[in-house]
Amino acid sequence: MTEVSRDSCHRFIFDHSGIRGQIVSLSGSVKTALEHKNYPEPLSSLLGQAMTAAALLADTIKMEGSLILQVQGDGPVNTLVAQATDDGDLRGMIHCAEGVVVPNNFRGLVGDGKLVLTIDASGNERYQGVVAIEGGNLAEAIEYYFDQSEQLPTRVWLSSSGQRAGGILLQKNPGEYEEWFKWDHLVALTHTVSETELVELEPVDLIHRLYHQESITVYRPVMLRFRCGCSRQKIESVLIQLDQSEIEQIAEDSGEVSVECEFCNQKYDFDAVDISALFRATNVVPELRQ
Ligand SMILES: [Zn+2]
């Protein structure tokens, strides 16, 4: 599922320094992620922030592949996942326990647990970093991750409202000790951004508003869009991990096995013939499969 959108990531660097940043602005991709989902505001807002964060973080990684941000806590939110690829595909989902009052703050929603960042590089390399959830919002939780695991001074600002979201990430090269004064100055400048400005201002206007007195180079933006990587083939590979007789029974009882992608709502149906063909193909001895 794809939607033409103006969602973007602008990368910038403060000239003659080891300090750089990104601004992500999302509307269409958040709107698509929220489609057909009746989330209360605290959940839709947290999902928007998580997708913004994933896009910001993916842009800091200089490799092909994707970045997956997961919050795994003991609060009412039992699933929060956002994924961004190096070429601008974005998806995310959030799930909350049923029948609970949804709190209106980050820690009330996610509780205690882990923040997990996974980098899935194209060459099948996988890197995973895990820290405890700290801080009063998602931006602070991500900053804590960098404090603990990356040794890269990093500050993050995230905001989300309705079907729009925006964020800024600032990062400083390690070891540039003489630049702490400039770093503090830029963090203070960025800190003047309001939640409304983050969500509503065009990125170039926001860069001007915050940094017009700085010598800054802004690169061509990377355009972002909601795109889900699900496919019938991937669903099949999940189904064949399950118990064959159970799956066959469901197909027989209901006429089909129906699997819906939780990111994009795409439905994949398998009737009894599909299911038996699927398992037959996997049960053939390996030498005979080609
Ligand atoms: Zn999907």
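The questions and answers below go through a predicted model, from its domains to single residues.

Me: How many Å separate the centres of domain 1 and domain 2?
Reply: The chain is divided into domain 1, residues 8-226, and domain 2, residues 232-288, with bounds that come from an automatic or database domain assignment. Taken over C-alpha atoms, the distance between the two centres is 36 Å.

Me: Is Q22 buried or exposed, and why?
Reply: A residue is called buried if 20 or more other C-beta atoms, placed from the backbone, lie within 10 Å of its own, exposed if 12 or fewer do, and partly exposed in between. Q22 belongs to strand 2, where 7 of the 8 residues are buried; strands here are DSSP runs of E with at least two residues, helices are runs of H or I with at least four, and both are numbered from the N terminus. Because Q22 has 24 other C-beta atoms within 10 Å, Q22 is buried.

Me: Which residue in strand 9 is the bridge partner of Q22?
Reply: Two strands pair if DSSP finds at least two bridges between them, and strand 2 (residues 19-26) pairs with strand 1 in the antiparallel sense over 6 bridges, R11 having Q22 as its partner. Strand 2 is also joined by 8 bridges to strand 9 (residues 164-172), again running antiparallel. In strand 9, the bridge partner of Q22 is L169.

Me: Why is H16 counted as exposed, and what is its phi near?
Reply: H16 lies in the loop between strand 1 and strand 2, a hairpin with 4 residues between the strands. H16 is exposed because 9 other C-beta atoms lie within 10 Å. Although H16 is a residue other than glycine, its phi is positive, near 55 degrees.

Me: Where is H36 found?
Reply: H36 is not a glycine, yet has a positive phi of about 65 degrees. With 8 C-beta neighbours inside 10 Å, H36 counts as exposed. Its place is the loop between helix 1 (28-34) and helix 2.

Me: Which strands stand at the edges of the open sheet, and why?
Reply: The open sheet has 6 strands in the order 7-6-3-4-5-12, with mixed pairing. Each edge strand has a single partner strand, so one side of each is left without a neighbour in the sheet; these are strand 7 (126-132) and strand 12 (225-226).

Me: What angle does the direction of helix 4 make with that of strand 7?
Reply: Helix 4 (residues 138-149) packs on the sheet, touching strand 6 (113-121) and strand 7, where contact means C-beta atoms, placed from the backbone, within 7 Å. Axes are lines fitted to C-alpha atoms, for helices over the stretch in contact, and angles run from 0 to 180 degrees between N-to-C directions. The angle with strand 7 is about 110 degrees.

Key:
Residues are numbered from 1 along each chain as its sequence is written. This is a predicted model: local features need pLDDT of at least 70, side-chain atom pairs count only at pLDDT 80 or more; totals for chains, interfaces and linings use all residues. Two residues are in contact if their C-beta atoms, placed from the backbone, lie within 7 Å.
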